[in-house]
Amino acid sequence: MPRFVHDFAMRWPYLLLGVGVLVACSAGSDDGSSVGGGASSGTGAKGGNGGNGGNGGGIIITDGGGNGGNGGSLGDAACATQVYNGERLPLDMYIVFDRSGSMSTQTASGTLWEATKQAFLTFIQSPTTAGIGVGLQFFPPGQSSGSNCFGVPPCASGCIDFAGFCVPGGDEGCLPSDYLPPSVFIEQLPGVAPKVTAALNGTSPGGGTPTTPAMKAAGQAVTSYAAQNPTRKVIIVLATDGNPNDCNSDIASVSAVAKAAAASSPPVSTFVIGINNSGVNTSGLDQIAAAGGTTKALIVDPAKAGAEFLAAIQAIQGQALGCTFKMPPPPAGETINPNQVNVWYTPSAGSPELIYKVPNAAGCDPTLGGWYYPNPQNPQEVELCPTSCSKIEGTKGEVRIELGCATVEIPK
């Protein structure tokens, strides 16, 4: 079994997703009638209602506008092909983890902090996460503050002596530099698991929710890391149970940080896990996720914080890992024209379906989905839009990237 199929089977128990890459080796006329031939692989092509391809099995699908001799094919009329295994980008997650005082809220299964911490430990210890990179930063910074401050001096880190009593230190963690270096640098699992475990066990809830400076630090660190590691898919995961409310933090400022990271080169998407506690603004968290290129936040019920937090982080893993594919190297002596790339999905029991190209993540259609280049200036990967990505999850089928035929864009 090819490695990429094995990976998908490991990732989604009910998913067997084949990935192929179709590379043009020759082209016929553009009238839709020529037959692909001459490729040693024996795959062929046909246009409109024209002749059958080569030695059978070609997947160059027509747009239905022709009848074989009237230009019914998409892009080049015929493409004899070679097929390559697709390769997904390995994933790196930078977790921005809320440890504010409200995370000490009690639930039926313990505090929100303990429930989400144990869920994250379960995640990093799973065999299915091997090879994923994980970095970790808490906000506010420090090991104890807020609700843990109250008492008599000497005061814990992050607390101050006010008239003989320990109180929170006020604007703690208002500078991005307060969050750098991170608690744990990005390293691959399972090797980094002991460092993540130690960081989580050495931290407790307390303080406010200075989300903006924490996210600014994450954006600085991760976009720099992504530029140095272009062969990996790098994302930010913001996990929070409260609204941004300290250090001039608000939804708009956090969204601006997420938007800037998504527009960087290479782009860094922001996923959001919201624990619906203390009246958290879930629509605001959706706004942050949308600005970060991931459409909506994943909302966790506090009463089921452990199980739902684990499900949310696993869902993010599947979405981020499952829908970004590397472009293959071109055949010897040739180059890839980014305007001659198409993406197809073939269900296990059905005909190939064209996935339309959209300009960018913001151009994803909620119904038709689409695909785009995360980095159009240097198109080395293709990314499926959320709707298209969701369509292939949990199904048996095949995704193919076709090179050499004119790109078909989403209808306007």
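Colleague: What makes β14 and β18 a pair in this model?

Modeller: The model is predicted. Two strands pair if there are at least two bridges between them. Seven bridges join β14 (residues 341–347) to β18. So the two count as paired, by the rule of at least two bridges. They run antiparallel.

Colleague: Why is β18 called largely enclosed?

Modeller: Buried means under 20% relative accessible area. Six of the eight residues of β18 (residues 396–403) are buried, so the rest of the structure largely encloses this strand.

Colleague: What makes β9 and β12 edge strands?

Modeller: Look at the open sheet of six strands. Its order is β9-β6-β3-β10-β11-β12, and its pairing is mixed. β9 (184–188) and β12 (298–300) each pair on one side only. Neighbouring strands in this sheet are turned by 20 degrees against each other on average, direction ignored.

Colleague: How do you know that β3 and β10 pair, and which way do they run?

Modeller: The cut-off is at least two bridges. Seven bridges join β3 (residues 91–98) to β10 (residues 233–240), and the two strands run parallel. Met93 has Ile235 of β10 as its bridge partner.

Colleague: Which helix packs on this sheet, and which strands does it touch?

Modeller: Helix α6 (residues 282–291) does, touching β10, β11 (269–275) and β12. Its direction makes about 165 degrees with that of β11.

Colleague: Why is α2 called roughly antiparallel to α3?

Modeller: Helix α2 (residues 112–124) and helix α3 (residues 193–201) pack at an angle of about 175 degrees. Angles over 145 degrees count as roughly antiparallel. That makes α2 roughly antiparallel to α3. Their axes lie 10 Å apart.

Colleague: Which residues make that contact?

Modeller: From α2 come Trp113, Lys117, Phe120, Leu121 and Ile124. From α3 come Ala193, Val196, Thr197, Leu200 and Asn201. They divide into seven nonpolar, two polar and one charged.

Colleague: Which residues touch the most other members of the largest nonpolar core?

Modeller: Phe97 and Phe120 do, in a core of 39 residues. Elements giving two or more residues to this core include β3, α2, α3 and α7 (305–322). Leaving aside neighbours within four places in sequence, Phe97 contacts Trp113, Phe120, Leu200 and Phe309, among others.

Colleague: What lies apart from this core?

Modeller: Another core, of 26 residues. Among them are Ala226, Ile251, Val280 and Ile288.

How values were computed. Residues are numbered from 1 along each chain as its sequence is written. This is a predicted model: local features need pLDDT of at least 70, side-chain atom pairs count only at pLDDT 80 or more; totals for chains, interfaces and linings use all residues. Side-chain values use heavy atoms; hydrogens and water are left out. Axes are lines fitted to C-alpha atoms, for helices over the stretch in contact, and angles run from 0 to 180 degrees between N-to-C directions. Helices (H or I, at least four residues) and strands (E, at least two) are DSSP runs, numbered from the N terminus. Angles under 35 degrees count as roughly parallel, over 145 as roughly antiparallel, 65 to 115 as roughly perpendicular and the rest as oblique. Contact means heavy atoms within 4.5 Å. Ala, Val, Leu, Ile, Met, Phe, Trp, Tyr, Cys and Pro count as nonpolar, Asp, Glu, Lys and Arg as charged, and the others, Gly among them, as polar. Buried means under 20% relative accessible area, exposed over 50%, partly exposed in between (1.4 Å probe, protein chains only). A nonpolar core is a set of buried Ala, Val, Leu, Ile, Met, Phe, Trp, Tyr and Cys residues joined through side-chain atoms within 4.5 Å.
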